Amino acid sequence: MFFNRSDDPKQQSAAPKTRPMPLLPLRDIIVFPYMVVPLFVGREKSVRALEEAMADDKEILLAAQKTAKTNDPSPEDIYTVGTIGTIVRLLRLPDGTVKVLVEGKRRARIKRFVPSEDMFLVEHEGIADIVPADPKSAPGAELEAIARSVQSTFDGYAKLNKRVAPEVIVQVQGIDDPSRLADTVAVHLTAMKLGDRQEVLETFDVKKRLERLFELMNAEIEILNVEKKIRSRVKKQMEKTQKEYYLSEQMSAIQKELGERDEFKNEIQELEEKLAKKQMTVEALDKVKKELRKLKMMQPMSAEATVVRNYIDWVLALPWDEKTEENYDIEAAETILDEDHYGLKKIKERVLEYLAVQALVRKLKGPVICLVGPPGVGKTSLARSIARSTGRKFVRLSLGGVRDEAEIRGHRRTYIGALPGRIIQSLRKAGANNPVFLLDEIDKMSSDFRGDPAAALLEVLDPEQNKSFNDHYLDLDYDLSDVMFITTANSLGGIPAPLRDRMEIIELSGYTEFEKLNIAVRYLVPRQREEAGLGKIDVDITENAIRTVIHHYTKESGVRNLERELGSICRKIARQVLIDGKADGTKNEAGETISNRTYRVAAKNVPQYLGIPKYHSTKTSDHDEIGLTNGLAYTQYGGTLLECEVTVVPGKGKLVITGLLEKGMQESAQAAMSYIRSRQAMLGLEEDFHSKFDVHVHFPEFVPKDGPSAGVTIATSIASALMRIPVRRTVAMTGEITLRGRVMPIGGLKEKMLAAHRAGITTILVPKENRKDLREIPKRVLQTTRVVLVEHMDEVLREALVLSDPESVFGKRVPPMEVLHGKVIDHSADHDHPPTAIPAPGAQQ
């Protein structure tokens, strides 16, 4: 049971007045009952309201404005619930304002504003507190418990908030009335916002008012505890800093008494001596002098002094004017390049051209060369050889996985632990400003929210801009124009177009079998023998054995795995040397037990050292077959022979394509089928053959396949299957086909022809537009292979199909074709002209 306290005879004074009462609008303050507060009043209406109250019974309604900045509030700008207060004292000040002391009595609600020009007059009604009727009831006991909790919590709040006077704590602990307790506590919660105070004032249920105050006090206590911890931590840190400073000063005084030199001043003197000897740009010199002046004014143990000292060290350590003397002897450079690498003619020529121009000009913008090729072909080691041949120092920076722009340009000095970018760090390590700088794996970079490192490299690799490269840490222009930049990549696809445009692209194709054999004999076997300790042991690894390793134990474009397998053979020989030496009882000069036997590794012995062969060489079929054609493909491991099978079965004209084919090869198959349909009359096929049979095209090898160069292969297999005419097993082909039967050029011709040569192919059909690429084919391949240049699919079918009378199918054609080894046969697309025999590059004419 609850009742309104206005029903109590003691609370009859809360009954509303019948006449209007003056209103005093308050700014940024809420007056609660039982609260005594001084107010400064300056607005005319407010002063007249005070005068009206003093002339009557000294009671005035105190209500807060919703917005404190409003100078002339309207009724809508004033809260409707306020406190009726009694004027205790009023004092007029010389400046016209009034200081008044008021005491809050009871809550009241504004019913309406009475029109008045001089002041705010309102009609109001009193508001009684809602409390339990019986203090001994359950609601009464609950109210008592909440009141005690509020008193206890206020005691803890007062201990944390030093603004609460001790006598206030005693006063709050002595209040028995829950309503008065709530209003008194609300007055002393100084951090409470105006909106929260008004909310407490408008909460007439005393229990809910105490609960709200309890919640607000706990939140404020939590904030005060955090502030206390922060103050304590800051105080400890200040005491520690002061202690360190005091001890530092004491140490300095002791050192001076003992005659020791001040280490900090000694360090500054050393920096000044280095600066006097260092050759650098005017901008860098001025910057270091400025930082030195700043360092002299700092405390040695301060964090800022450490930052400045590190910066000066970095600037002084850089090779601003230090260069290595370059070697302009072209013959000596060529000898070094040939010693280190076999083949690679194009890149060697480019390096020698650069040296020749440098010898004449003496000042040349550093070239930016990009070596693109599969793994293991020697891109990184080639860069080292270039540095050795030019007499420059070598620096390598791996960009694989770099995704932060600051890795290139560095961090600004405002960051803790900031350092220059890896370009500047590498130059400091090199100690010269004209090294050969290798940016390895440039296609493996990526970007994220920290920036794009490829964009930062645009300035580094641009000869027009890199003479003033600006690192974020140094904030100085550094000249990179003397640096010879070499980048490496496995593919051009991962290099952004603007970056690719700034580099001279040199593609390194995979090594041929002959090149791998020469590299193994000249470089890999001797190196692996030395590493296995077989330098003085008679070891003979035959060329046939090396070929066996190349064909059956490695499948790569480079020679990395080949060297690994040869190393495995040498290690097994080393073990056998020790076993045989112990059995023979022979010792070397050092007294070690080793064998003096000769160890010969032939092709048939390779499985004893390396186990079962991992790969099997692709061979052609034993006889000519219908629907089976030898295609040529280029993979990351080099060229390979790719068989295409086609079978025709009764059906409804469906074209099925299988064999892990990507979209490009599927479209080639569709184009090939369209060409066959357009030539059905010439090929002797029925007009509606495409609606009677299903054609299944299949590539047996279980590896993903893509690219357009299988078009002629698919078309030949389909034609053979439909015409029931076999395809020559000694013929291989490559080229894309258009709907009109035109044969388009392809890439990777060198690797494809080498693969055909290894498989025993004697005739290779090549698009005529690839004639220029035949210069790169080794002479020994051309001398044993018949290369036929074709422009149209009809010419491909004439060469590939086993026809007893080609003229019966293709009409009157040229005289019978000769097989000229070492020559390139060129078919003219015009049927009125005979084919011409064109000598292969390097062949005898």
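The largest nonpolar core of this predicted model has 55 residues, and those with the most contacts inside it are Leu24, Leu50, Ile60, Phe154, Val185 and Leu210. A nonpolar core here is a set of buried Ala, Val, Leu, Ile, Met, Phe, Trp, Tyr and Cys residues joined through side-chain atoms within 4.5 Å, where buried means under 20% relative accessible area (1.4 Å probe, protein chains only). Leaving aside residues up to four places away in sequence, Phe154 touches Val164, Val168, Ile169, Val172, Val185, His188 and Met217 (contact means heavy atoms within 4.5 Å). A second, separate core has 53 residues, among them Leu271, Leu427, Leu461 and Leu474.

Residues are numbered from 1 along each chain as its sequence is written. Local features need pLDDT of at least 70 and side-chain atom pairs pLDDT 80 or more, while totals for chains, interfaces and linings use all residues, and side-chain values use heavy atoms, without hydrogens and water.

We turn next to helix α12. Helices are DSSP runs (H or I, at least four residues) and strands likewise (E, at least two), numbered from the N terminus. Helix α12 covers residues 379-390, and its buried residues, including Leu382, Ile386 and Thr390, pack against α10, α11, β9, β10, β11 and β14. Glycine 391, with a positive phi near 80 degrees, follows α12.

With α10, helix α12 packs at an angle of about 155 degrees, the axes being 8 Å apart (axes are lines fitted to C-alpha atoms over the stretch in contact, and angles run from 0 to 180 degrees between N-to-C directions). The two helices are therefore roughly antiparallel, a term for angles over 145 degrees. At this meeting, Ala333, Ile336, Leu337, Glu339 and Asp340 of α10 meet Ser385, Ile386, Arg388 and Ser389 of α12.

Terms used: Buried means under 20% relative accessible area, exposed over 50%, partly exposed in between (1.4 Å probe, protein chains only). The expected span of a helix is 1.5 Å times one less than its number of residues. Angles under 35 degrees count as roughly parallel, over 145 as roughly antiparallel, 65 to 115 as roughly perpendicular and the rest as oblique.
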